[in-house]
Amino acid sequence: MRKQIEIFFTALMFYTRIPCPKWVTHDAENLNKATRYFPFIGWIVGGVCALVYMGTEFFLGAPIAILLSMIAGVLTTGAFHEDGFADVCDAFGGGWTKQKILDIMKDSRVGAYGAIGMILILLLKYTSLSAIPFSQMWMVLLAAHSFSRLCAVLIVITSQYVRENDDAKAKPLAKSITVYETIPAGVFGLAPLLLFQRIEILYALILPLLATFFLRRYFHKWIGGYTGDCLGATQQVTEVLFYLGLVAFWKIEFILL
């Protein structure tokens, strides 16, 4: 049990800015195993976003509450995944060889592709959340943050890390993952879907899963696997597509009824 607590706090320390006990260290073995808790981190981040939204919507209105919840999510993770998305936009937008793409992803500067990509995905996230009813928001945030991180884990399971530790900005999420580690990741990623109590929620998973398949193939085509930035980009894209899938389903359901 103590070992699992250590692994969990390693995940919390690496994926968020939430303070952890001083005895938690950057242990490479624990970091490699921490992937099993990546979707559970989505519970925490999604819960923070939901609390901020639910606590401010009545006083400030939905538009401001949504923006504040997005800010809360960024502050909780330290823009960890947003940074990965921006790096991927810059690297795959400006690089035409594997080495060039990897070199650009290492660069801490943000280029035009990254800036434009971040603006567009944040706008898309804001507008899609604006279409979600108040009563459903907390469930949607929990489910989207958890499932999108599970999508990133799926890439870890089916692909390979393409950097060496001394050639990366940070240590990888995992170099490998066992079946034992996959099971808890799947449970944490899928459990929030039970909150909806409707089988129709499965339609919201179609776009994220398709995007995961496409991104995995795209990354493999250009660099032969994934990097931490690729996983961050996957999380951001699939989170937004989860929202869009729900909005589209509700729209179609409304028209048919």
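Predicted model: local features only at pLDDT ≥ 70, side-chain atom pairs only at ≥ 80, totals over all residues.

Trainee: Why is Ala-79 called partly exposed?

Mentor: Its relative accessible area is 24%. Buried would need under 20% and exposed over 50%, so 24% puts Ala-79 in the partly exposed class.

Trainee: How do you know that the length of H4 fits a helix?

Mentor: H4 covers residues 62-77, 16 residues in total, and at 1.5 Å a residue it should span 22 Å. The C-alpha atoms at its ends are 23 Å apart, which agrees.

Trainee: Which residues of H4 are buried?

Mentor: They are Ala-65, Ile-66, Ser-69, Met-70, Ala-72, Gly-73, Thr-76 and Thr-77. Around the axis they cover an arc of only 155°, so they lie on the same side of H4. An α-helix has 3.6 residues a turn, so residues three or four places apart point the same way.

Trainee: What covers the buried residues of H4?

Mentor: The cover includes helix H1 (2-15), H3, helix H5 (80-94), H7 and H8.

Trainee: How do you know that H9 has a buried face?

Mentor: Start with its buried residues: Glu-181, Ala-185, Gly-186, Phe-188 and Gly-189. Looking down the axis of H9, they fall within an arc of 165°, so they line one face of the helix. On the other side, Val-179, Tyr-180 and Ile-183 are exposed. Helix H2 (28-33), helix H3 (38-60) and H8 are among the elements that cover the buried residues of H9.

Trainee: And how does the length of H9 compare with what it should span?

Mentor: H9 (residues 179-190) has 12 residues, which should span 16 Å at 1.5 Å a residue. Its end C-alpha atoms are 16 Å apart, so the two values agree.

Trainee: What makes Val-153 count as buried?

Mentor: Val-153 lies in helix H8. Its relative accessibility is 1%, and buried means under 20%, so Val-153 counts as buried. Leaving aside neighbours within four places in sequence, Val-153 is in contact with Thr-35, Phe-38, Pro-39, Ile-177 and Ala-185. Val-153 and Ala-185 are 32 residues apart in sequence, with their C-alpha atoms 7.6 Å apart in space.

Trainee: Why is Ala-233 called buried?

Mentor: Ala-233 belongs to helix H11 (residues 228-256). At 4% relative accessibility, it is below the 20% cut-off and so counts as buried. Not counting residues up to four places away in sequence, Ala-233 touches His-81, Gly-84, Phe-85 and Val-88.

Trainee: How many salt bridges does the structure hold?

Mentor: It holds 2 salt bridges. Side chains of opposite charge can pair when their charged atoms come close.

Trainee: What makes Asp-107 and Arg-109 a salt bridge?

Mentor: Their side chains meet at 2.7 Å, N to O, and the cut-off is within 4 Å, so the pair qualifies. Arg-109 counts as exposed at 63% relative accessibility, while Asp-107 is partly exposed at 25%.

Trainee: Why does the pair of Lys-125 and Glu-239 count as a salt bridge?

Mentor: The side chains meet at 3.6 Å, N to O, which is within 4 Å, so this pair is a salt bridge as well. Lys-125 lies in helix H7 (residues 112-130) and Glu-239 in helix H11, so the pair ties together parts that are 114 residues apart in sequence. Both Lys-125 and Glu-239 are buried.

Trainee: Why is Arg-149 said to have no salt bridge?

Mentor: Arg-149, in helix H8 (residues 134-158), is buried, and Glu-239, the nearest side chain of opposite charge, is 5.2 Å away. The side chain of Arg-149 does make a polar contact of 3.4 Å with that of His-81.

Technical notes. Residues numbered from 1 in each chain as written. Heavy atoms only, no water. Helix = DSSP H or I, 4+ residues; strand = E, 2+ residues; numbered from the N terminus. Buried < 20%, exposed > 50% of the residue type's maximum accessible area, 1.4 Å probe, protein only. Lys, Arg positive; Asp, Glu negative; His and termini not counted. Polar contact = N/O pair within 3.5 Å; in protein donor to acceptor, adjacent residues only side chain to side chain. Expected span 1.5 Å × (residues − 1). Arc of directions from axis to C-beta. Contact = heavy atoms within 4.5 Å.
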